[in-house]
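Please read them with the model open beside you.

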Amino acid sequence: MAKQTIDQKLAILSDAAKYDASCASSGSTKRHSRDGKGLGSNEGSGICHAYAPDGRCISLLKILMTNFCIYDCSYCINRVSSNVNRARFSVDEVVKLTVEFYRRNYIEGLFLSSGVIRSPDATMSDMVQIARKLRYEENFRGYIHLKTIPDASPELIAEAGLLADRLSINVELPTDAAVAQYAPEKKPEQIRKAMADVRLRKDESEDVSHGGKRPARFAPAGQSTQMIIGADGSNDATILGQSTRLYSSYKLKRVYYSAFSPIPDSSSKLPLIRPPLAREHRLYQADWLLRFYDFQLDEITSVTDDGNLDLEIDPKLAWALVHRAAFPLDVNSASREMLLRVPGFGVKTVSRILTTRRHRTLRYEDLVRMGASMKKARSFITALGWSPRGLTDSAGLRARFAPPAVQLSLF
Amino acid sequence: MYRVQLPEIGTAAAWRDAARQYLAAGVPPDQILWDDHQAAPDLFAAQDYLHAQGSPLHVPKSFISMAQAVVWHNNPERFARLYQFLWRLRHKPTLMQDRGDPDLVRLRLMEKNVRRCQHKMKAFVRFREITPTGANRRSFAAWFEPTHHTVEPTADFFVRRFSDMDWRILTPDVCAVFDSGGLRFEAGQAKPELPEDANEQLWITYFKNIFNPARLKVKAMQSEMPKKYWKNMPEAAFIPEMIAGATARAQAMADAAPTLPPLRMARVQAQLASCQSEWGGPQEGLPAAISACIRCPLHKEATQPVLGEGPTDASLMIVGEQPGDYEDLTGKPFVGPAGQLFDKVARVVGLDRKQTYVTNAVKHFKFAPQGRRRIHQRPNPSEIEQCRWWLNAEIAAGSPKLIVAMGATAALSLTGNGRNISARQGSIEHGLTGLPVLITAHPSYLLRLPNARAKKAATALFQRDLKQAIFAVEQL
């Protein structure tokens, strides 16, 4: 076989990496290179340098070190039984690509993942080597996200956490049974242990010693994980239950949901029907309600009988429609907790309402100017000069938001 | 009538100085004509400049940060609107908090436009290398067309990021030039011809391949990367062909029949099986069996089962309730706050933990997630019963003479009765396995007592029980 060019390798190894949803580059320690001795900065908020037509942001150079893999996970394009083209980057190639892309302002940093070759430790130590070279030889101060291999030795994970901004380990599927079925070589308990280990090291690195000395920051942008939705039969209640457990147990920054997407050369073990992309979107909305809007899991999932979220309307609206007794709310007196439950009000709108109503009584037009989505909210609130009257309890309220029913084709 | 013309470079500072002067002099908004550098001289306005020194002014910080963004907007009315709002703000400083005020909403919107434009500039500037041969410092240049006058307020971002190289961002508005460590601004210019850059080809390859044709969301892309920016982004030229081919590519993936695995697979899997034992294949013995336990649903939510710890030939065995948050993460028993209290009391009474076998009645942590915390839940009788299987196996594997049951769960598991612990505390009962069981409180109970006196009394009782256990073991 002819030697692959760097362009060919990049094509294969970025194609192989696109099924990882995360591309976040935010929330790490602030640093810059004003001193002229290094390259790069990190300012807290992430930057998306481009968008692909799949609507996903491109913030990091997201590549695999290699797509050779000894595992056979049926949902994965890189599984050992797949016939995709294989390639492997050398350590220096990844370092050079990252730095040259960064200098041209294409990216915020590197998101490195890898198929498992030889052994988990051998793979992980090459990945750590790349991060070490970037940090110490290139004085790179941009963002690094390393996907850790769950079975790698704790020493390697410890070093990875000191070099990288974020570590992640994919739980892959919502239940242990599904992992056993689709990813036979992966062990859910091993994955959980690895996440526990990252959390403990991160907690330790945040303790200040008696002398006031701070240890080196461990994965300052935290850890995240990803689950594939729709490959197994789990309903949304199971999926969200799993993510609340992950958030509380391992203090994850994010759980990413990735609608199972057809891959080239897919395995016959997988379902043929792809889940609607809307499901992924609804899961993210529910995830947000749980983390930022003080919703409890069962409040969101008890709205429907089968434990799946309503695909036609968002989960907050779905909750409000079955709890109409709590509405309409007076925006001039309702508590923050209740205002957060109004469909069409976001966290920003609510805090604007709270600061403004200290000085005067709010009218309907004020809410429009504050950026609330009044098309949704108006049925659930009262304000000076506005009352929804019978709208809140009207039978046709749901139909105002849900897309009209479509008659099925006979053929 | 006064007329103020603001310069193209240094607009923010110039506006601030002028506004401060006019406000101090009490000049109302309708008496000032604000112009940016592009405005032609207005023949009808009086060229009446003001050089008054007024008293210092106090405006809310939030106004200053908003004004510093709004001055870079491309709307010619921006200065007048800011001054008009500032005029109202004089007598009503709380106006900044009124998010329903139409003037403020309009200014905030302009601020948002400018910040977004700055953000997009940080994201979409694309450098090409222009290092002359033989130079020891690398040099880059970019052509960019901002919507608002954002080059000046955004240039420092590029200084913070790229100080180890020379760069210039050329625009039709203002150009930023960073040369040997110094930043300067120059007048705008026409689009220059920049040399080809080989890395641009690699970037396009990356852009094409990171795209997943099976999930086309063109609207989502365009709302974040509006078309007006495309002409200066090398990768954007390929977007139309990527969209056009997407559906066919996704269909081809779905239609393709599953292929046979490559020959390599058998080889790899044989090799994998042979090295399985190195990283956690099946091992003989009790610990491995407990680790793989799925007898009750608790294993699904916990990180790992927490095994007992200590010499198997210990004559004293201590049984707690279940692992806590920290035990669940570390996999070690009695290391959380309750475990530390136990160690403290044990040291006081002279009990050597290394000489005893410590374990829990239930091996997995049971909890309810609440935000980022886990709230401990008491295991129910069926979970205790399922786990008794392992506890009995641990007792059988060792040779304890006495077992200390700490708390109701341990008492239930060891004696079949978990009720009324306070009345039974300190008594030695006949356990289900036939061994004597000493009933005592769980250390976490001591931690939970709010009252210092009650805590002291309960700790004394706990000490008494441990002393009794040491004594009893010596007698047995």
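1. In chain B, five strands make up an open sheet in the order β9-β8-β12-β14-β13, and the pairing in this sheet is mixed. Strands here are DSSP runs of type E with at least two residues, while helices are runs of type H or I with at least four residues, both numbered from the N terminus; two strands pair if DSSP finds at least two bridges between them. At the edges stand β9 (357-360) and β13 (428-430) of chain B, each of which pairs on one side only, and the twist from one strand to the next averages 30°.

2. Before going further, please keep in mind that this is a predicted model, in which local features need pLDDT of at least 70 and side-chain atom pairs count only at pLDDT 80 or more, whereas totals for chains, interfaces and linings use all residues. Residues are numbered from 1 along each chain as its sequence is written, and chains are lettered from A and ligands numbered from 1 in the order in which they are written.

3. Within the sheet of chain B, strand β8 (residues 316-320) and strand β12 (residues 402-406) pair in the parallel sense over four bridges, with Leu316(B) standing opposite Leu402(B). Helix α17 (residues 452-475) of chain B packs on this sheet, where it touches β8, β12, β13 and β14 of chain B, and its direction makes about 165° with that of β14(B). Helix α14 (residues 407-415) of chain B lies across β8, β12, β13 and β14 (436-440) of chain B and runs at about 140° to β12(B). Axes are lines fitted to C-alpha atoms, for helices over the stretch in contact, and angles run from 0 to 180 degrees between N-to-C directions; two residues are in contact if their C-beta atoms, placed from the backbone, lie within 7 Å.

4. Elsewhere in chain B, strand β3 (residues 128-129) and strand β4 (residues 139-143) run antiparallel and are joined by two bridges, and Glu129(B) has Phe140(B) as its bridge partner. Five bridges join β4(B) to strand β5 (residues 166-170) of chain B, and these two run parallel. From β4(B) the chain crosses through helix α5 (residues 151-161) of chain B to β5(B) in a right-handed β-α-β crossover, a term meaning that, with the strands pointing away from the viewer, the path from the first strand over the helix to the second runs clockwise.

5. Chain A has an open sheet of six strands with parallel pairing, in the order β3-β4-β5-β6-β7-β8. Its edges are β3 (60-64) and β8 (254-259) of chain A, and each has a single partner strand, so one side of each is left without a neighbour in the sheet. Strand β4 (residues 109-113) and strand β5 (residues 143-147) of chain A are joined by four bridges, and helix α3 (residues 120-137) of chain A lies across both, running at about 170° to β5(A).

6. How many residues does each chain bring to the contact between them? Chain B gives 72 residues and chain A gives 73 residues. On the side of chain B that touches chain A, helix α6 (residues 198-210) of chain B supplies the largest share, nine residues.

7. As for confidence, chain A averages a pLDDT of 90, and 98% of its residues score at least 70; pLDDT is the predictor's confidence in each residue, from 0 to 100.
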